[in-house]
Amino acid sequence: MILYPTETVYALGVHVFDTQALHTLYQIKGREVGKLPSWLVRTVADIERYAVLSSTAASIAERFLPGPLTLVLPLRDSYIHIDGTSIETIGFRITPDPVGQQLIADFMNEFQAPLTCTSANRSGLPTKSTVIEICAQFKESAVLIDRIIDDGPRSGVPSTAVRVIGDTVEVIREGGISAEML
């Protein structure tokens with residue numbers, strides 16, 4: 001598991017197709033298994049490899065990615081989650097943070113798969129802005145983090161999450177990008 005910076009908050013990353021790593025991610029966060037983490041990728045072309053990008057979604061991606069946006073899209077192929085359910089949509093992130101960009105470029109070059117991009121906090125608790133605060137929040141579970149990339153404080157403002165199915169746009173969570181901007 002990797003603790004890494006994005007342009008918004010620190011995130012926890014594991015290989016999205018590694019079942020054991022996903023279990024560990026849910027364990028450290030104290031998160032319900034049914035709540036899916038977003039996937040960090042390098043480019044919109046990477047998103048298109050896994051998801052259906054309608055013209056509306058492509059317009060939003062062109063305007064706001066890389067940036068503080070999680071774009072929830074229908075998957076090209078069903079993805080069987082660790083709880084055995086078939087997942088039809090997933091959120092995608094492309095960070096403009098140079099450290100995060102280098103991390104995902106190296107990761108995808110090595111593993112040919114996305115990295116999870118979920119906020120580095122215990123479920124239900126506030127997202128902290130520094131690595132020291134994050135590790136303190138995880139307490140003894142912090143030992144589950146194999147690699148920590150500390151690049152200074154982050155804003156603590158999460159990405160805006162938007163579901164786009166065809167031409168239908170639904171703001172799931174407003175963050176750095178307002179609904180009006182979309």
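**Backbone, aromatic pairs and contacts of the chain**

Gln112 is partly exposed, with a relative accessible area of 42%; buried stands for a relative accessible area under 20%, exposed for over 50%, and partly exposed for values in between, computed with a 1.4 Å probe on protein chains only. The structure is a predicted model, in which local features need pLDDT of at least 70 and side-chain atom pairs count only at pLDDT 80 or more, while totals for chains, interfaces and linings use all residues. Residues are numbered from 1 along each chain as its sequence is written, and side-chain values use heavy atoms, with hydrogens and water left out.

Gln112 is not a glycine, yet its phi is positive, at about 55°. The residue sits in the loop that runs from helix H4 (98-111) to strand S6 (115-119); helices (H or I, at least four residues) and strands (E, at least two) are DSSP runs, numbered from the N terminus. Lys139, also not a glycine, likewise has a positive phi of about 55°. Lys139 belongs to the loop between helix H5 (131-138) and strand S7 (147-148), and this residue is exposed, with a relative accessible area of 61%. A further backbone feature is the cis peptide bond from Leu65 to Pro66, whose omega is near -5°. Pro66 is placed in the loop between helix H3 (55-64) and strand S4 (69-80). In general, most residues other than glycine have a negative phi, and most peptide bonds are trans.

As for the overall architecture, the chain contains 5 helices and 9 strands. Their order along the sequence is β-β-α-β-α-α-β-β-α-β-α-β-β-β. The radius of gyration is 15 Å, close to the 16 Å that the globule rule gives for 182 residues, so the chain is as compact as a globular protein of that length. That radius is taken over C-alpha atoms, and the globule rule is 2.2 Å times the number of residues to the power 0.38. The C-alpha trace spans about 45 × 35 × 30 Å along its principal axes.

Of the 182 residues, 48% are buried. The accessible surface of the chain is about 8500 Å², and carbon and sulfur atoms account for 51% of this area; accessible areas come from the Shrake-Rupley method with a 1.4 Å probe, and for residues only the protein chains shown count as cover. Contacts (heavy atoms within 4.5 Å) were also counted along the sequence. Among those between residues at least 6 apart in sequence, 64% join residues at least 24 apart. The side chains include 15 positive and 21 negative ones, and the centres of the two sets lie 4 Å apart. Here Lys and Arg count as positive and Asp and Glu as negative, with His and the chain ends not counted; each charge is placed at NZ of Lys, CZ of Arg, CG of Asp or CD of Glu.

A search of the whole structure gives 7 aromatic pairs. In the pair of Phe17 and Tyr79, the ring centres are 5.9 Å apart and the planes stand at 65°, so the pair is edge-to-face. This pair links distant parts of the chain, 62 residues apart: Phe17 is in the loop between strand S2 (10-13) and helix H1 (19-29), and Tyr79 is in strand S4. Phe17 is partly exposed at a relative accessible area of 40%, whereas Tyr79 counts as buried at 10% relative accessibility. The rings of Trp39 and Tyr79 have their centres 5.4 Å apart and their planes at 90°, so this pair is edge-to-face. Trp39 lies in strand S3 (residues 38-40) and Tyr79 in strand S4, so the pair ties together parts 40 residues apart in sequence. Trp39 is buried, with a relative accessible area of 3%. One aromatic cluster is formed by Phe17, Trp39, Tyr50, Tyr79 and Phe92. Rings of Phe, Tyr and Trp (its six-membered ring) pair if their centres lie within 6.5 Å; planes under 30 degrees apart count as stacked, over 60 as edge-to-face and the rest as tilted.

Strand S4 also holds Arg76, which counts as partly exposed at 47% relative accessibility. Neighbours within four places in sequence aside, Arg76 is in contact with Glu48, Arg49, Tyr50, Ala51 and Val52. The C-alpha atoms of Arg76 and Ser86 are separated by 12 Å, with the two residues 10 apart along the chain.

Val169 is found in strand S9 (residues 168-173) and counts as partly exposed at 38% relative accessibility. Not counting residues up to four places away in sequence, Val169 touches Thr56, Ile60, Val162, Arg163 and Val164. Val169 and Thr56 are 113 residues apart along the chain, and their C-alpha atoms are separated by 8.1 Å.
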